Structures are given as C-alpha cells and as structure tokens.
Amino acid sequence: MARAAMLLAAAWISMPAFGATALQCVPYARIVSGVNIWGDALTWWDQAADRYKRGHEPRRGAVLAFRPAGPMTLGHVAVVSKILGERRMLIRHANWSVPGAIEEDVLAIDVSEEGDWSEVRVWHSPTQTMGARTNPTFGFIYPDKPGLRSFDPDPALGSSIRLAGMDPAIAARISHEARAAAPAAAPATARPPAMPRLKMDMRAIAFADAAPSGRSLKDIIADVKRDARLR
C-alpha cells in the first residue's frame, strides 16, 4: 500500500501545475490522424457516420473512439500506429495516463468476447504495466488518407508532457511474441481466441482514465485503499 501511495504521489507531481491547461486527446488525435472532427471525444463516432468510413478492424492511422465509462465521462480518442497481431496494436494518444501527457506507440489489446475491439486494455506508461480498467469502445474511424502525421506542440493547445511510453525492450518482446503466436490462416467464420485475463495492477488505477482528475492526492490515495479492501 505504501508503495502504491508513493507511485501515485510521483505521478501527481509530474502533472501540469495547477491552473495550467492540459493537452486534450481530441486535438492530438485530430492532428496525428487527419480525421477532421471537432467536439468532445464521445461525439466523434456519430459525427463520423456521414463523413468517414467506420469499422471494427484496426488500421494504421485510424482513430479508435472510446465510449464514456466511469470517470471517463467525455470518452477518449486514440490513433493506431502499428498492428502487432489479431488482438494487439500500438497507439498514440494524449491525456490518458497523466493529464496532458503524450504517449507514443504504447500497447492496446482487445479483450472483447467477440474479438471486435469493443473492449480494450491500454498501457500505463508511468508504471510500465497494462492499465487496470477494461475500456468500452465504439470502433475505428478511418481517415481519407491513412497514415500518421507529426505532432508539434502548440501552446494554444495546452501544455504537454512527452512520456517515454513503452520501454523499447518490452515493445520488441511483445512484437516478437505476437509474431510467434500468430495462427495459420483460418476460415473467415472462425472466432478469434479469447484473450487471457490479465492481472490487475493496483498502481495503475488512479491515472488510467482519459479525463484529467480534479481530485486531491488525499482522495486518490483513499480510492486505492478502498479498492485494495475489495480485492
């Protein structure tokens, strides 16, 4: 418990100063993907209906739109940067592990029963573990011109912290494992195998949401203690 509290305190210290405007996921995803949609992340899926193709298959440069869930009241958007396998991919997004932070090429895995990316788990960079929560999604929005655009921080978009993301050695190992585990070609009607349940890491809970936390450090530590009692 003491270790969890220390990690939370360290993450809190790395957040933007009080009163600073944190970089949001929406402008970052719009610039990197080229999907020209505005407004809160939870509106992107419906807005894209008559403007962009949508689906449930990850493609490089596509935007994964998250549904509102729990404290993530405004939804979230992330951009696919690399496909690692049937149920693993790398994404780029902002304002997830720490308010205002940019995370580039971090792991997201499909944990849905149907294998359609309707539920995902996302990498938590500060602790180098998978995030504690299962996050529901709408699906993928495909840009007219697939690809990744560069992101140059603009003061008008808010302050940002560029995290290291996944350790390169970890990313290389995951890529190798994904290639080694890739099954032979299967009939189109075959259902993808279910992902194994991943162990929850309590250290990742406090900053696993897309929306910046307005709670105090005392409140966050109290949440961790309560969750620990429920285990």
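**Reading the model**

Tutor: Take one residue and its surroundings. Leaving out residues up to four places away in sequence, arginine 92 touches Tyr28, Ala78, Val79, Ser81, Glu103, Glu104, Asp105 and Leu148. Keep in mind that this is a predicted model.

Student: Where is arginine 92 found?

Tutor: Arginine 92 belongs to strand E4, residues 88-94. Its side chain makes a polar contact with the side chain of aspartate 105, at 2.8 Å.

Student: How do E4 and E5 pair, and over how many bridges?

Tutor: The sense is antiparallel, and there are six bridges.

Student: What should I know about side chains along a strand?

Tutor: In a regular strand, side chains alternate between the two faces of the sheet.

Student: Which strand pairs with E5 in the parallel sense?

Tutor: That is strand E9, residues 161-162, with two bridges to E5. Here isoleucine 102 stands opposite arginine 162 in E9. E5 also pairs with strand E6, residues 119-124, in the antiparallel sense over three bridges. There, isoleucine 109 stands opposite arginine 121 in E6.

Student: Why is E5 described as largely enclosed by the rest of the structure?

Tutor: Count its buried residues. Eight of the 10 residues of E5 are buried, so the strand is largely enclosed by the rest of the structure.

Student: Is aspartate 110 buried or exposed?

Tutor: Aspartate 110 is buried, because its relative accessible area is 0%. This residue is in strand E5, which covers residues 101-110. Its side chain reaches the backbone nitrogen of tryptophan 117 at 3.3 Å.

Student: Now the cores. What is the general idea?

Tutor: In soluble globular proteins, nonpolar side chains tend to be buried together.

Student: Which residues of the largest nonpolar core touch the most other members?

Tutor: They are Phe66, Met89, Ile91, Leu107, Trp123, Phe140 and Met166, out of 27 residues in this core. Several elements each supply at least two residues: strand E2 (63-66), strand E3 (76-85), E4, E5, E6, E8 and helix H4 (168-181). E5 gives the most to this core, with four residues. Apart from this core lies another, of 22 residues, among them Ala41, Trp45, Val79 and Phe151.

Student: What does methionine 166 touch?

Tutor: Beyond four places in sequence, its contacts are Leu90, Asp105, Val106, Leu107, Trp123, Gln128, Ala171 and Ile174.

Student: Next, aromatic rings. What describes a pair of them?

Tutor: A pair is described by the distance of the ring centres and the angle of the planes.

Student: How many aromatic pairs does the structure hold?

Tutor: The structure holds four. In one of them, tryptophan 45 and phenylalanine 138 have ring centres 6.2 Å apart and planes at 10 degrees, so the pair is stacked. Tryptophan 45 lies in helix H3 (residues 44-47) and phenylalanine 138 in strand E8 (residues 135-142), so the pair ties together parts 93 residues apart in sequence. Both tryptophan 45 and phenylalanine 138 are buried.

Student: Which rings have the charged end of an arginine over them?

Tutor: Look at two cases. The charged end of arginine 30 sits over the ring of tryptophan 38, 3.5 Å from its centre. For arginine 59, the ring is that of tyrosine 142, and the distance to its centre is 4.0 Å.

Student: Last, helix H2. How many of its residues are buried?

Tutor: Eight of the nine residues in H2 (residues 25-33) are buried, so the helix is largely enclosed by the rest of the structure. The buried ones are Cys25, Val26, Pro27, Tyr28, Ala29, Arg30, Val32 and Ser33. Their cover includes H3, E2, E3, E4 and E5. Just after H2, glycine 34 takes a positive phi of about 85 degrees.

Student: What does the side chain of serine 33 reach?

Tutor: It reaches the backbone nitrogen of valine 35, at 3.0 Å. Serine 33 is buried, with a relative accessible area of 0%.

Conventions
Residues are numbered from 1 along each chain as its sequence is written. This is a predicted model: local features need pLDDT of at least 70, side-chain atom pairs count only at pLDDT 80 or more; totals for chains, interfaces and linings use all residues. Side-chain values use heavy atoms; hydrogens and water are left out. Contact means heavy atoms within 4.5 Å. A polar contact is a pair of N or O atoms within 3.5 Å; within protein, one must be able to donate a hydrogen and the other to accept it, and residues adjacent in sequence count only if both atoms are side-chain atoms. Buried means under 20% relative accessible area, exposed over 50%, partly exposed in between (1.4 Å probe, protein chains only). Two strands pair if DSSP finds at least two bridges between them. Rings of Phe, Tyr and Trp (its six-membered ring) pair if their centres lie within 6.5 Å; planes under 30 degrees apart count as stacked, over 60 as edge-to-face and the rest as tilted. A charge sits over a ring if NZ of Lys or CZ of Arg is within 6 Å of the ring centre and within 35 degrees of the ring normal. A nonpolar core is a set of buried Ala, Val, Leu, Ile, Met, Phe, Trp, Tyr and Cys residues joined through side-chain atoms within 4.5 Å.
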